[in-house]
Amino acid sequence: MQTLRILGIDPGSLKTGFGIIDVQGQRIQYVTSGVIRLKPKSAPERLGVIFESLQELIQKHKPDLMAIEEVFMAKNPSSALKLGQARGAAMTAGVVNGLPVAEYAARLVKQSIAGTGAADKTQVQYMVTKLLKLSAEPSEDAADALAIAICHFHHCRYSDENREGSLNTGKNS
């Protein structure tokens, strides 16, 4: 049975979470997770750090695809723009490395992990810890990234359940 490696990204202009899971059939397994912390530099330098850090992560762990959270409209338009820039840097790292990129709304991610689109960060952390059988809770940003990867697994599993039992990688077939 083929293993599919999914890289989940929770983008941010100050902290970008990442999480990698392996999927084999109906089984998901934790690989790694963490946070890219961006020191107070100029915006272009922070975007460069996101891009370069994800390039290294992709080259080291060789995921098959990337799943990333969509931009949500924040109360502050400036925050939404900065988030969009961070997403762009992350998505570019994926595309440059030949990864298909799937995008998911935050409410859909929370719904697929915690059963409600209104789940808070502690509920997401708790469920990610339980679903992946982790010995300790990951940080909020890493948990969100893992949740995005798990959401992609769930989305593909349910959308493909009548198609030869395979997961949709997002690649054009």
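Predicted model: local features only at pLDDT ≥ 70, side-chain atom pairs only at ≥ 80, totals over all residues.

Guide: Leaving aside residues up to four places away in sequence, Leu132 touches Ile21, Ile28, Gln29, Tyr30, Leu146 and Ile150. Leu132 also belongs to the largest nonpolar core, which has 23 residues; together with Ile6, Ile21 and Val128, Leu132 touches the most other members. Several elements give two or more residues to this core: strands S1 (3-10), S2 (15-24), S4 (65-69) and S5 (101-104), along with helices H3 (106-114), H4 (121-131) and H5 (140-160). H5 supplies the largest share, seven residues. There is a second, separate core as well, with 17 residues, among them Leu7, Phe18, Ile36 and Ala93.

Now for the sheet. Its five strands form an open sheet in the order S3-S2-S1-S4-S5, and the pairing is mixed. Strand S3 (27-37) and S5 each have a single partner strand and stand at the edges, so one side of each has no neighbour in the sheet. On average, neighbouring strands here are turned by 20° against each other, direction ignored.

Look next at S4 and S5, which pair in the parallel sense over four bridges. Ile68 stands opposite Glu103 in S5. Finally, helix H1 (residues 43-61) packs on the sheet and touches S1, S2, S3 and S4. The direction of H1 makes about 150° with that of S3.

Note on methods: Residues numbered from 1 in each chain as written. Heavy atoms only, no water. Core = buried A, V, L, I, M, F, W, Y, C linked by side-chain atoms within 4.5 Å. Buried < 20%, exposed > 50% of the residue type's maximum accessible area, 1.4 Å probe, protein only. Contact = heavy atoms within 4.5 Å. Pairing = 2+ DSSP bridges. Axes fitted to C-alpha atoms, helices over the stretch in contact; angles between N-to-C directions.
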